[in-house]
Amino acid sequence: MTATAEQTPLLEVRGVSKFFGNVIALKDISLGVKAGEVTCVLGDNGAGKSSFIKILAGVHQHDEGQFLVEGDEVRFKSPREARERGIATVFQDLATVPLMSVWRNFFLGSEPTVGKGPVKRIDVKQAQGVMRDEMRKMGIDVRDPDQPVGTLSGGERQAVSIARAVYFGAKVLILDEPTSALGVKQSGVVLRYVVQARDRGLGVIFITHNPHHAYPVGDRFVVLNRGKLLGDWRKGEIGRDELVKMMSGGAELDQLTHELERQLDAAEAG
Amino acid sequence: MTEAIGGGSSAAAAPAGAPPTPEPVADERLANISLWVRLLRRPEVGSLLGALVICAFFWLNTDSFGTLSGIANWTDVASTLGIMAVAVALLMIGGEFDLSAGVMTGTTGLLLGLLTTEWGFSMWPAIVVTFAFAALVGFINGYMVIKTKLPSFIVTLATFFVFQGLNLGVTKAVTDTVRVAGLGDVPGYDSASKVFSNTFWSPHNFRLSVVWWIVIAAIATWVLARTRAGNWIFAVGGDANAARNVGVPVARVKIALFMTTAMAAALVGIMIALRLASVQAGQGVGEEFTYIIAAVVGGCLLTGGYGSAIGASLGALIVGMAFIGIQFSGWNTDWRFLFLGVILLLAVLVNNLVRHRAEGARR
Amino acid sequence: MTRLRAGLLALAMVLGLALFAAACGGDDDNDGGGSPASKDNVDLTQGKDVTIAVITHGSGDSFWAVAKKGAEDAGKQMGVTVKYSESANDPQKQAQLIDSAVTEKVDGIAVSAPNPDAIRDSLKKATAAGIPIVTLNSGAEDYQELGAITHVGQTESIAGEGAGQKLKEAGAKKLLCVIHEQSNIGLNQRCDGAKKGFGAVENVQVKGVDDIQTTLTEIQSKLQSDKSIDAVLTLNPDIAVAARDAVKGAGSNAKVATFDLSGDVVKAIQAGEIEFAVDQQQYLQGYLPVVFLTLYKTNANTVGGGQPVLTGPGYVTKDNADTVAKLAEEGTR
């Protein structure tokens, strides 16, 4: 299900910049994501991806430009505020506590309670039941309710974070390098979750440095390099190889290859 | 729960063009978990085993250990230790240490003593002031840890030295001696003793502190297992960043935990002051490590995020049983610390071994 | 598999403890009171099993080791079981140890009372249970009120005065009094007494017997920063040795005197490094209460006539050091 061009983007940044002292982390970034869409933000390490994601998540504030959620300008002072406006961020470290069980992680910060005053307690049965249902929707059957999250595989832990975000009514799901630490098969599984979230009507911002993972799921591609926007294409406007070349620094890599070949020649001659 | 637009509720009804969603796969690696294994996974396993073994050992080897008066003796020793061990365990689960916990039992006792014998307070108002003081100290400890971002080990070590010095200096300056005495004559002493430090069940003389200990351990267990605050404590200790990112108020939780240990120290300080009708300036110094050991024996990880209030209580019980048990056995007390050390080491080892076996392969 | 392992572990722990107990249980007085007829020496127990609990506030240092030997020797010679324990200066622990002695229904309790308030309640329970009490070492002013038959020890303030006077006579002008146990009232009384007998006395707090190295450094820096100090009075034999080394290290001419003896202190007196030691004869403080309590139990004897039994001050100087030296080596002086 694709969004129409007239729909207000769920999340949009216009001309956003971020400075740390006199270091320019981001300069003049503009992009957005609509409901039911996946926007891929690509960039190598040091491109400014992590500063960007922290602004979206409410950890930092932007220094220039506008940050809009559903058309309203916002300025988040804490991750909690971002969360309350429906922006769910799944960080690289997954924001799950490894020693705690899956259901405790799932409901962390939003535990369902029953009772009042001093006897207010967590509704454990409900929490465990809901967690199991939601995880089943992601394709995982969690049999042991007290299983610590740390015993799940990387892909499954991603699923927990994503399922949690979706359940708590996230409108925008921001995924920070979800496949970076995973093997090939697990990455495929996570990409499937991304698509599922999209199909349930969320807007997904998928941040990665791997264009091979981004290409199959993205509706829109944005490339960051050293804090600046290199380009912005819809799917169909750019081919996979071109994207890869753009990502890997294109011209710079060509020159490096040249240099290396020349050294090799010199070595052989000498 | 919002229904996806056009996506349907079932995973199978995927829109055209998207990769097919999988059927839920029962993870064949998750074998059925038996109740026995689930029990063995609990953090209290080592301390329970240790406590049972030691209890049985002294019960069978001495005449007095198993008598009601004997039980009164070792529960007496375990109780003040246990109250502190539970509070310290909560803090450790939350990922922090409080090295000033021991000396605080002295500071609060001395404050109570000075307020009543030197500055004219009667007992109950002095008790209120003492608790308020402890809450303030706990708040300052927590606030400093949060603001400086230094390890709590360091911050509370500094607090420890400050209070160790104050305890001696102020006491000497005010009373010219190294202790505060005469609490027995203060108005309100008798009623306060009835609440905090008297004994019950006459010939055997069980101490009230045992009742306090059991109640506090029960409340702590309930908080950890069944309340939102408990979930937050585990999260803050396990991964403070992750907790913060999902909106858990990390600073508030940690400060509250420091206030808890300080106020528990006040309770224990008051109990001891009332019991002995006097307070020595050196009270409590050195005990902070016993509290931590009891918590670790009870299953608390030094790195935080995991542990048990019941386990810490059992750890304190082990120390209490060993202390009195060795007395009753008439062993050469030179070996007392060796024995205690061996027991505690065994309990921690058993903890680790059994839990690892029960959990199977872990990352 | 898990069940089996857990069971094996528990079994291993029990076995381990049993072996440990067998090994340690052997070398103490546990079997001392078994059958009096099999022991030599005077048979005063008349076929009864007598157990005396000796509960001091010591911390396992060389001073208390001598007192402990005294108590244990008395036990062997009287044919009674002596249970010696220490509270390491923790008044609550001392109260709890007394409580457990009452639970065991021992035949007599000998306690040191540096903090009489703390143990008053527990001693009351002992008296109510019909257990006689003798105080030792500290508590000379309170022993009657605590219900003790008598007190075996030395009056700290008087001993302190005597020491101060002796140092004054030796020509010293400024005295440093070294307190090694922060909450020990008796030690403070000694220094206060020394002030009376000497005049210009300054007290200094040191780390204590648990950390002699730091104590040494603390004394040394004090001497180096205040050159007018020409006499040092310590209150413990281990601290005395540290003070002697500190004086050497600071290049000071200060005279060193101490309370209480040890083998090293006697040697130092013989070598002229320490002027004198005030000996409270702590061996007697361990020995005599055991004897008194046993006689009370078996022969209804009360010793003291309502007065304390004084074990000091005795002075060990170069003149009598040789005699004492050998005994100190054996740990009985």
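The model is predicted: local features need pLDDT of at least 70, side-chain atom pairs count only at pLDDT 80 or more, and totals for chains, interfaces and linings use all residues. Residues are numbered from 1 along each chain as its sequence is written, while chains are lettered from A and ligands numbered from 1 in the order in which they are written.

Start with chain A. Its C-alpha trace spans about 80 × 45 × 40 Å along the principal axes. Nine helices and 13 strands make up its secondary structure; helices (H or I, at least four residues) and strands (E, at least two) are DSSP runs, numbered from the N terminus. Of its 270 residues, 46% are buried, meaning that 20 or more other C-beta atoms, placed from the backbone, lie within 10 Å of the residue's own.

Now turn to chain C. Six strands form an open sheet with parallel pairing, in the order β2-β1-β3-β4-β5-β11. Its edge strands are β2 (81-86) and β11 (309-310), each pairing on one side only. Strands pair if DSSP finds at least two bridges between them. Three bridges join β4 (residues 133-137) of chain C to β5 (residues 151-153) of chain C. In β5(C), C:V152 is the bridge partner of C:L136.

C:T234 counts as buried because it has 29 C-beta neighbours inside 10 Å. C:L176 lies 58 residues away in sequence, yet 8.4 Å away in space, C-alpha to C-alpha.

How values were computed. Buried ≥ 20, exposed ≤ 12 C-beta atoms within 10 Å, placed from the backbone.
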